[in-house]
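Welcome! Please take a look at the sequence and the 3D structure below, and then read on for a guided tour.

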Amino acid sequence: MAAAMARLHLLHPPTTITRPSLLFLKPSPSPRASRIRKVSTLPRLCSSADQSPQGASPSAASSGSIVGDLLDYLNESWTQFHATAEAKRQLINAGFHLLNENDEWNLKPGGRYFFTRNMSCLIAFAVGERYDVGSGFHVIAAHTDSPCLKLKPKSASTKSNYLMVNVQTYGGGLWHTWFDRDLSVAGRVIVRDSDGSFLHKLVKIKRPLLRVPTLAIHLDRTVNKDGFKPNLETHLIPLLSTKSNETSAESKEKGATISSKPVHHPLLLQILSDELGCCADDIMSIELNLCDTQPSCLGGGNNEFIFSGRLDNLASSYCALRALIDSCRLPTDLSTEHAVRMVALFDNEEVGSDSFQGAGAPTMFQAMRRIIDSLADKYVRENAFERAIRKSFLVSADMAHGVHPNFMDKHEEHHRPEMQKGLVIKHNANQRYATSGITAFLFKEVGKIHDLPTQEFAVRNDMGCGSTIGPILASGVGIRTVDCGIAQLSMHSVREVCGKEDIDIAYQHFKAFYQSFSHVDSKLTIDY
């Protein structure tokens with residue numbers, strides 16, 4: 001989570017891996033006229049892990065837990081592009097129809113649809129069978145990006161006979177945690193095809209490729225007393241390789257005529273081309289993140305924690321995605337629904353959301369207008385969109401600060417969220433969060449009906465408060481919004497931690513929101 005005001009497939013065959021869900025997860029009781037593009041069921045994008053129907057793991061099917069599936073999603077989703085592509089795969093496997101923003105949409109009540117933008121932003125929705133023009137939207141919004149290091153446009157650098165890779169910081173990361181980690185690269189590339197056209201492809205180098213080494217304590221004797229304070233421009237440059245004649249010879253042997261691309265190391269381009277199965281000269285553009293290669297897993301004395309990168313905010317994104325899919329999986333699930341159930345996953349939240357694919361763009365609201373227009377069937381009542389927004393409700397889902405046992409004074413005494421205790425509703429009188437007394441009540445009431453716990457968070461008065469996409473979307477067209485999140489520690493570290501039970505509680509609360517909010521909302525009247 002960052003201050004919001006400050007926002008395909010892999011071409012290579014996947015390798016066989018053991019699903020984290022089978023390694024670690026123990027079943028436990030659950031805690032309290034667009035053209036519809038014809039797309040066949042897609043394989044997993046970055047893994048050949050065994051799949052049961054609809055992408056649910058055997059452990060999840062038997063226990064009602066989605067934790068194992070979340071681990072698989074995290075391990076697939078090294079970048080915002082991979083997270084979106086994997087969500088796309090799961091939606092198609094669940095029977096959702098892929099739309100294109102460039103096409104005319106022809107939607108029907110009871111239909112399930114989605115589209116992507118930039119392959120890093122995704123909007124998915126299911127239309128209630130009893131939908132009428134002016135009915136509201138019930139939305140859960142999250143984001144696909146996380147703080148990371150990204151390759152600069154000219155990444156090639158050489159120092160002291162080392163091949164280095166120039167990077168830039170993205171978001172507000174705890175950058176000291178990126179030192180001495182086994183890092184690699186993942187992202188997307190533009191590849192020239194044999195017919196002269198250009199292809200958009202995702203790539204992930206799974207083996208350790210890069211490392212940012214710390215300085216030995218013998219050369220920095222006061223580091224433990226004065227603190228580790230690296231210069232982000234000069235000290236945070238990863239090592240790729242030693243410069244050697246063998247490296248050059250090896251590249252030539254592979255036919256890499258890459259002297260025309262001095263902006264990136266020939267060795268790096270050769271590694272990417274080997275992974276993609278293309279010639280290095282055909283790589284026209286790259287957009288790569290540095291990623292930690294250590295897999296997401298369960299940990300703790302009772303396997304009660306999830307240790308992973310990118311929990312902020314892929315944990316929220318996946319819980320929302322699964323809740324939407326599972327809330328309309330059966331033919332009867334939408335039979336009594338008047339509203340449109342929606343998930344919106346945005347990019348660039350960590351740097352303020354002001355982008356084509358971020359929450360600051362009108363993507364979600366444009367989609368809402370198009371849905372209303374398509375379903376109106378040539379009969380549009382007065383101010384249909386405005387009336388729909390008044391009936392709509394948005395859940396802004398972003399990870400929350402759990403109380404740290406070693407730094408308890410950083411939390412206000414009466415607002416100290418704990419792991420395994422349910423979703424955290426975030427409050428801020430200065431509107432850094434969009435929660436109001438009304439929206440908090442309605443969201444808690446949904447949980448109360450289903451016996452799901454919630455917690456409250458408010459920042460100390462002597463500390464600054466972060467923000468989310470909640471205020472951006474709430475103020476965009478005036479949609480009622482609650483900010484909530486899963487409690488975690490080590491936020492924005494290369495390796496974060498959250499509670500296993502909280503994942504299932506969040507999933508159940510989000511699913512209950514889709515299934516029960518219309519009933520709860522009908523019992524409260526405000527502006528009459």
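This is a predicted model: local features need pLDDT of at least 70, side-chain atom pairs count only at pLDDT 80 or more; totals for chains, interfaces and linings use all residues.

## Terms and ground rules

Two strands count as paired if DSSP finds at least two bridges between them. Helices (H or I, at least four residues) and strands (E, at least two) are DSSP runs, numbered from the N terminus.

Residues are numbered from 1 along each chain as its sequence is written, and side-chain values use heavy atoms, with hydrogens and water left out.

## The chain as a whole

The chain has 13 helices and 20 strands. Of its 528 residues, 57% are buried; buried means under 20% relative accessible area, exposed over 50%, and partly exposed in between (1.4 Å probe, protein chains only). The accessible surface is about 22500 Å², and carbon and sulfur atoms account for 51% of that. Such areas come from the Shrake-Rupley method with a 1.4 Å probe, and for residues only the protein chains shown count as cover.

β4 runs parallel to strand β13 (residues 340-346), joined by seven bridges, and parallel to β14, joined by four. V139 shows both pairings: its bridge partner in β13 is M342, and it stands opposite L394 in β14.

From β14 (residues 393-397), five bridges lead on to β18, again in parallel. Strand β18 (residues 480-485) is mostly covered, as five of its six residues are buried. Strand β16 (residues 423-427) pairs with β18 in the antiparallel sense over two bridges, and here I425 has C484 as its bridge partner. Strands of a sheet pair through backbone hydrogen bonds, either parallel or antiparallel.

## An open sheet and its helices

Five strands form an open sheet of mixed pairing, in the order β11-β12-β20-β19-β15. β11 and β15 (400-401) stand at the edges with a single partner strand each, so one side of each has no neighbour in the sheet. β11 and β12 pair in the antiparallel sense over three bridges, with C297 opposite F307 in β12.

Helix α3 (residues 67-76) packs on this sheet, touching β11 and β12, and its direction makes about 5° with that of β12. α8 packs on the sheet as well, touching β12, β19 (487-489) and β20 (496-499), at about 35° to the direction of β20. Contact here means heavy atoms within 4.5 Å; axes are lines fitted to C-alpha atoms, for helices over the stretch in contact, and angles run from 0 to 180 degrees between N-to-C directions. Because 10 of the 10 residues of α3 are buried, α3 is largely enclosed by the rest of the structure.

## Nonpolar cores

A nonpolar core is a set of buried Ala, Val, Leu, Ile, Met, Phe, Trp, Tyr and Cys residues joined through side-chain atoms within 4.5 Å. The largest has 59 residues, and those with the most contacts inside it are I306, V395, I486, I503 and F510. Helix α8 gives the most to this core, with 10 residues. A second, separate core of 35 residues includes V127, F346, A367 and M368.

Leaving aside its neighbours within four places in sequence, F510 has contacts that include I140, C319, V395, L423 and C484.

## Cysteines and backbone details

How many disulfides are there? A disulfide is a pair of cysteine sulfur atoms within 2.5 Å, and by this rule the count is zero. For C319, the nearest cysteine sulfur is that of C498, 8.4 Å away. C319 is buried, with a relative accessible area of 0%, and C484 is buried with 0% too.

A cis peptide bond joins D312 and N313, with omega about 15°; N313 lies in helix α8 (residues 311-327). M119, which is not a glycine, has a positive phi of about 50°. M119 sits in the loop between β2 (112-117) and β3 (121-127) and counts as buried at 9% relative accessibility. N303 also has a positive phi, near 55°, and its place is in the loop between β11 (297-299) and β12 (305-308).
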